Amino acid sequence: MISGSQLRAARALLDIDQRRLAELAGVSLATVQRMEASGDRVRGTLDTMTRIVQALDAAGIELIGEAQPSIGRGRGVRLKAPR
């Protein structure tokens, strides 16, 4: 699963706004806004989530899931597990 925080962090790394992510993914601005506001688990259709993930991947973002190692190189962002 992808989280709203991951989406915001990915956009920050790319230095793009919500409108640009929506354009890259071929979804509406309202969809990106809703997904980012979802919290821990982004709500959306499978097609929409796939479009967002593919757009981020094409832009050079590696989304790292819970307890998964990073397979890429370069800088990234990961939240620490809560204590």
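Q: What share of the 83 residues of the protein chain count as buried?

A: Of the 83 residues of the protein chain, 30% count as buried, where buried stands for under 20% relative accessible area, exposed for over 50% and partly exposed for anything in between, with a 1.4 Å probe and protein chains only. The model is a predicted one, in which local features need pLDDT of at least 70 and side-chain atom pairs count only at pLDDT 80 or more, while totals for chains, interfaces and linings use all residues. Residues are numbered from 1 along each chain as its sequence is written, and side-chain values use heavy atoms, with hydrogens and water left out.

Q: How many helices and strands does the protein chain have?

A: The protein chain has four helices and zero strands, and along the sequence they give the pattern α-α-α-α; helices (H or I, at least four residues) and strands (E, at least two) are DSSP runs, numbered from the N terminus.

Q: Which residues of α1 are buried?

A: The buried residues of α1 are Gly4, Gln6, Leu7, Ala10 and Arg11. They lie on the same side of α1, because they cover an arc of only 160 degrees around the axis, taken from the directions from the helix axis to the C-beta atoms. These buried residues pack against α2 (18–25), α3 (29–36) and α4 (46–58). Just after α1, Asp15 takes a positive phi of about 60 degrees.

Q: Is Arg11 buried or exposed?

A: Arg11, which lies in helix α1 (residues 4–14), is buried because its relative accessible area is 14%. Leaving aside residues up to four places away in sequence, Arg11 touches Ile16, Asp17, Gln18, Leu21 and Glu36, a contact being heavy atoms within 4.5 Å. Arg11 and Leu56 are 45 residues apart in sequence, yet their C-alpha atoms are 8.4 Å apart in space.

Q: Where is the place of Val42, and which residues does Val42 touch?

A: Val42 sits in the loop between α3 and α4, and at 5% relative accessibility this residue counts as buried. Not counting residues up to four places away in sequence, Val42 touches Ile2, Ser3, Gly4, Leu7, Met35 and Met49.

Q: At what angle do α2 and α4 pack?

A: Two packed helices are described by the angle between their axes and the distance between the axes. Here α2 and α4 pack at an angle of about 100 degrees, with their axes 8 Å apart; the axes are lines fitted to C-alpha atoms, for helices over the stretch in contact, and angles run from 0 to 180 degrees between N-to-C directions. The two helices, α2 and α4, are therefore roughly perpendicular to each other, a term for angles of 65 to 115 degrees. Leu21, Leu24 and Ala25 of α2 make the contact with Arg51, Ile52, Ala55 and Leu56 of α4.

Methods: Angles under 35 degrees count as roughly parallel, over 145 as roughly antiparallel, 65 to 115 as roughly perpendicular and the rest as oblique.
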